[in-house]
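Here is a short tour of one model, written for a reader who likes to check each contact in the viewer. Please keep the structure open as you go.

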Amino acid sequence: MISFRGFGKTYGKQQAVRNLDLNVRAGEVVALLGPNGSGKTTSLKAAAGLVKPTTGVVLVGNPGQPSSEPDARRCLSFLPQRVAFQDSLSGQEVLNFHRQIRGVDAAHAAAALGVASLNGAVARAVSTYSGGMLQRLGLAVALLPDAPVFLLDEPTAALDPDGLEAFYKVIAKSRADGRAVLFTSHQMGDAERLADRFAILVDGVLVADIAGREMKDRLAERGNMRLRVPSLDASTLAGLRVMAPDAVFTDGELVVRGPAGMRPRVIELILARGHQIVDLVAEDGRLDDLYREMVGPQREPR
């Protein structure tokens, strides 16, 4: 449905994206992650037919066609990172305009507007909207067509909790309906909740393409278990460090880092040595921590 094949884009002497190979299949939701200036928006715009590849090709649809072709554009819907509409129109008028262009019925338009959580602001002029409201209106416009391909640039950035919950349901339905969804986000929680795969760009280069199952395993390996143990002798701590070399015991708290499968053995050892556990908290690793390690030090926007 979306296929980047050796895609590269150069602006003058600056290479925004280099030799990107990435596929998004029908029924798949892929999060495109990376620091500012890593090439995420350039890649989405290329898939939307708004940026011409310097090298390679971007194919959209089934069968895939170059993204600049009219038939490719007809099968997709694109939400840019920043949206702009005619100031004198109301939100409802903007939606109606785009609904008629895409041949969408009024009922579907009403559902899209509900996701945007504009509530009573739909009758107001767009000129009175905040930046967040404009972005939510853009999301409603993007959700209008029954497109098999969604390209969404920071779709959750301005949504309130109700809007987020509605958007999560839209993505779940899109997956069930067999759509291909490629989205960017700096919200790691949203990416972890929504994505089947995680593609990470750094300086225009794809440094990781990780399936959801593999990501869960990686995060599980990086989990922590915190136990309140009033006392712990040196021999027991040494035994624990055979299983978990990074185990740390300070002021009655034992922190053990490692996969969930190791935790029962840690507990068994502590209890077998006659120690008491008065509290226990276990958590998997965080996607944002793993992401920061993958991308390295944060870079300045290009």
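Which residues of E7 lie on one side and which on the other, and are they buried or exposed? This is a predicted model, and in it Val149, Leu151 and Asp153 sit on one side of E7 while Phe150 and Leu152 sit on the other, with all of them buried. In a regular strand, side chains alternate between the two faces of the sheet.

| Strand paired with E7 | Residues | Bridges | Sense |
|---|---|---|---|
| E6 | 76-79 | 4 bridges | parallel |
| E8 | 180-184 | 5 bridges | parallel |

Let's move on to a pair of helices. The axes of H9 (residues 234-243) and H10 (residues 263-272) come within 10 Å and cross at roughly 165°. Because of that angle, which is over 145 degrees, H9 is roughly antiparallel to H10. Their crossing is right-handed.

Which residues make this contact? From H9 come Thr236, Gly239, Leu240 and Met243, and from H10 come Arg265, Val266, Leu269 and Ile270. Sorted by class, the contact of H9 with H10 holds 5 nonpolar, 2 polar and 1 charged residues.

Note on methods: Residues are numbered from 1 along each chain as its sequence is written. This is a predicted model: local features need pLDDT of at least 70, side-chain atom pairs count only at pLDDT 80 or more; totals for chains, interfaces and linings use all residues. Side-chain values use heavy atoms; hydrogens and water are left out. Axes are lines fitted to C-alpha atoms, for helices over the stretch in contact, and angles run from 0 to 180 degrees between N-to-C directions. Helices (H or I, at least four residues) and strands (E, at least two) are DSSP runs, numbered from the N terminus. Angles under 35 degrees count as roughly parallel, over 145 as roughly antiparallel, 65 to 115 as roughly perpendicular and the rest as oblique. A crossing is left-handed if the near helix is turned anticlockwise from the far one by less than a right angle, and right-handed if clockwise. Contact means heavy atoms within 4.5 Å. Ala, Val, Leu, Ile, Met, Phe, Trp, Tyr, Cys and Pro count as nonpolar, Asp, Glu, Lys and Arg as charged, and the others, Gly among them, as polar. Buried means under 20% relative accessible area, exposed over 50%, partly exposed in between (1.4 Å probe, protein chains only). Two strands pair if DSSP finds at least two bridges between them.
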